[in-house]
Amino acid sequence: MLARTASYLYWIGRYVERAEFTARLVEATVRLDSLSARPAGEGAWESALAVASSADDYAATGETVNPTNVANFMMLAENNSNSVRNCLYSARMNSRAVRTALTREGWESINRAWLGLRDRSAVGGTQATINLIEALKAETRGFEGAIHRMLRQESQFFLRLGACIERADNMARLIDVKYHLILPEGEEVGGLIDRDQWSTILQTASANTAFRWLYRDGLSPSRVVEMLVLRRELPRSLAATADELVGILDALGKATGFQGEADRMARLLQQRMRKTRIREIMAGGLHEYLQAFIKENRLLSQAITRQFRFD
Amino acid sequence: MAQKYFDEIWGYSRGRRPRPGFESLARWIKETSKPELRRRQAQAEAAFRQLGITFNVYGEDEEAERIIPFDIIPRVFTHEEWQSLSEGLEQRVTALNLFLEDVYGARKILKDGIVPSDLVLGNPGFTPLVNGHRPPHGLYAHICGIDMVRTSADEFLVLEDNARTPSGVSYMLENREAMLRLCPELFEIFEVEPVDSYTDALREMMQSVAPDSASNNPCCVLLTPGHFNSAFYEHSFLADNVGIELVEAADLIVDDDIVWMRTIEGRKRVDVIYRRIDDDFLDPLVFRPDSMLGVPGLIAAYFAGNVTLINAPGGGIADDKAIYSYMPEIVKYYTGAEAKLPNVETWRCREPDALKYTLEHLAELVVKKVDGSGGYGMLVGPTSTEEEIAEFRAALKANPHGYIAQPTLALSTVPTLAGKGIKGRHVDFRPFVLSGTNGVHTVPGGLTRVALREGSLVVNSSQGGGTKDSFVLRPDNEQPEAKA
């Protein structure tokens with residue numbers, strides 16, 4: 001396979017994942033902000049920007065932080081390279097360039113997702129925003145389905161590899177949002193707003209019900225973190241994603257006949273996550289743990305880029 | 001004065017009596033309801049759009065992806081018509097290749113005075129750089145698209161030769177797919193020659209022209225300018241169906257006069273490049289230095305005989321419309337036989353008498369740039385305004401060498417869905433001819449382009465043209481009605 005084709009597929013995987021994550025983040029923030037009986041207000045939108053690491057870009061626009069402005073910025077803004085629209089644009093352009101490496105279903109779901117956003121100038125009110133995001137989630141689920149129906153060969157591996165790396169990054173950032181969220185004065189840790197925030201994180205990870213299944217004894221920060229970081233039963237947890245990364249790299253190794261630094265790094269990450277216990281994470285500081293994870297994940301992505309000669 | 005046009009189904013009968021052999025097609029057209037035809041046509045176009053069979057129109061927003069309109073009523077060639085067409089095409093392309101080898105080699109045809117030396121050597125289409133470099137196996141124009149028009153029951157004329165990088169073959173293949181799906185009953189009425197062997201023929205041709213240094217299983221690739229190019233869909237479609245990698249310039253590197261492609265497993269040697277990039281952009285080291293589309297060192301590798309370029313650089317001289325006017329002589333010179341396919345009568349404006357005639361008859365003639373293509377830069381006298389004619393008059397006087405003139409042809413029509421009914425619309429035809437060391441081969445079919453606007457004679461997609469499927473009937477396909 002051409003190195004460029006592999007790189008485009010990898011980035012299609014990343015962009016689609018990023019688009020979906022960003023949309024889910026907006027959805028959860030809308031809920032946290034407006035559906036909750038105790039509006040968390042601007043803080044929620046500021047943290048959403050922080051999670052998407054768009055705070056600086058947003059500040060540069062000079063706009064005030066309010067729900068409409070931030071939702072538009074995260075969903076549609078052309079001057080935000082991580083906006084859902086821009087992610088889908090890039091995914092679609094890459095897909096067009098490697099059109100024949102994708103199946104028809106895969107191409108069509110990306111194309112439809114793009115066409116659904118292309119001409120939107122504003123997300124509209126709460127209901128319109130939620131509707132838009134629902135439609136988008138349906139398309140990205142369709143894309144995920146299409147990927148899993150592809151032939152299990154290099155094209156599929158690179159798409160999934162990109163999706164995994166991006167998912168690991170996004171999930172770690174999402175959990176880390178608690179570090180950025182400042183509780184309003186007078187609110188206590190473990191209080192209502194604190195619980196709302198954790199519950200929003202679960203919602204963004206589409207893991208609310210999963211949590212109830214795994215933990216019958218109620219919401220607590222360390223349980224939420226344990227599930228999202230360490231529980232392999234949850235397909236989008238960091239540990240499950242590390243497993244998947246190792247599996248895909250193995251499959252690529254079999255197809256191409258060689259392995260390299262990326263394989264070693266992924267296996268190391270997997271081994272370490274298997275041994276990690278939640279109390280160690282919490283004792284050492286969640287923020288520090290997540291920051292280290294994000295950095296390691298980035299180094300892994302760079303190793304993949306080198307190993308498969310993307311540049 | 002209403003001109004009489006030959007209709008390929010109705011002849012000159014104005015819809016009263018079909019030509020022999022076309023009775024059942026005429027019946028199909030009459031008996032299938034118009035809304036049903038329109039529904040099928042819309043379905044075909046929707047499928048094209050979903051598949052992304054689009055082209056970009058130059059001069060529009062680069063993201064403007066359009067589909068070429070598709071007409072559901074096919075154009076049909078009888079076996080006998082095709083027989084003589086394909087013989088003529090193969091003769092013509094054989095001569096074209098010999099001509100190219102000659103003008104970049106011994107130049108016998110110039111020495112013998114058949115074609116004026118200055119017309120060839122001073123031609124912008126002549127590439128001095130490749131002079132004296134014989135390409136692998138001496139072949140230049142591996143893939144030719146010959147544009148043809150029909151003017152009566154038995155008159156097919158060549159309008160122009162495309163020996164550089166003719167496009168449109170994916171439409172031949174996709175249109176057939178659509179017809180098979182949407183009008184299966186037509187294939188019961190007719191036994192139609194399949195066109196899908198084209199991609200196999202293309203692969204075999206590519207493998208046959210690999211340099212001698214290549215292995216038995218040469219590595220062939222298709223080089224595209226990238227996904228912003230108007231013909232990108234075709235590039236990816238062909239690469240996928242031929243089973244070769246679709247590469248961009250950045251995927252190739254030349255090292256020690258050998259071309260490599262970058263894969264996830266490292267470098268892989270490339271033997272044959274079907275390039276869909278113009279000569280000028282092929283290699284920034286020897287052609288345009290500002291070209292981002294090209295591969296530095298590619299021409300050196302080509303000169304070293306390490307890679308075959310399809311088509312070989314320099315072929316543009318054969319596309320030149322002034323050279324075209326000598327094709328009957330060129331065919332005769334190299335094949336020893338009269339050209340089986342006639343040219344359209346052509347006035348070379350570089351010749352004073354021809355210029356005088358052209359200037360006097362601008363309102364009746366079609367005037368073309370000798371190096372123009374795509375329907376750009378041409379004047380169709382009878383349908384032009386006085387200002388347009390005046391503009392061309394000035395351009396002609398300023399640079400007579402740059403133009404040729406031809407009579408306005410009575411292009412044949414084929415019934416076409418138009419508005420509420422079915423009307424005759426003018427068509428042309430581009431068959432594709434492959435030349436390898438395994439011989440010269442024409443797949444039975446081609447691209448029929450149709451001018452969708454009433455009365456229009458310009459069929460280019462960039463100028464509002466559409467396409468039709470082109471059926472070539474198998475032998476012994478006569479129907480009972482025809483034998484009566």
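Predicted model: local features only at pLDDT ≥ 70, side-chain atom pairs only at ≥ 80, totals over all residues.
1. Sheet architecture. Chain B contains an open sheet of four strands, in the order β13-β16-β14-β15, and the pairing is antiparallel. The edge positions are taken by β13 (347–348) and β15 (378–380) of chain B; each has a single partner strand, so one side of each is left without a neighbour in the sheet.

2. Helix on the sheet. Helix α16 of chain B, residues 386–398, packs on this sheet and touches β14, β15 and β16 of chain B. The direction of α16(B) makes about 135° with that of β15(B).

3. Pairing of β14 with β16. Strand β14 (residues 365–369) and strand β16 (residues 403–407) of chain B run antiparallel and are joined by five bridges.

4. Pairing of β13 with β16. Two bridges, in the antiparallel sense, connect β13(B) and β16(B). Here B:R348 stands opposite B:I404 of β16(B).

5. Burial of β16. Which part of β16(B) is buried? Four of the five residues of this strand are buried, and the strand is mostly covered. In the sheet order, β16(B) stands between β13 and β14, and α16(B) is among the elements that touch it.

6. Contact between the chains. The contact involves 14 residues of chain A and 17 residues of chain B. On the side of chain A that touches chain B, the elements giving two or more residues are α1 (3–35), α5 (84–97) and α6 (104–118) of chain A. The largest share comes from α1(A), with three residues. By class, this side of chain A has seven nonpolar, five charged and two polar residues.

7. Surroundings of B:P313. This residue lies in the loop between β12 (308–310) and α12 (316–319) of chain B. Is B:P313 buried or exposed? It counts as buried because it has 25 C-beta neighbours inside 10 Å, where 20 or more are required. Leaving aside residues up to four places away in sequence, B:P313 touches B:T127, B:V130, B:D279 and B:L282. The C-alpha atom of B:P313 is also separated by 9.8 Å from that of B:F126, although the two residues are 187 residues apart along the chain.

Conventions
Residues numbered from 1 in each chain as written. Chains lettered and ligands numbered in written order. Pairing = 2+ DSSP bridges. Contact = placed C-beta atoms within 7 Å. Axes fitted to C-alpha atoms, helices over the stretch in contact; angles between N-to-C directions. Buried ≥ 20, exposed ≤ 12 C-beta atoms within 10 Å, placed from the backbone. Nonpolar A, V, L, I, M, F, W, Y, C, P; charged D, E, K, R; others polar.
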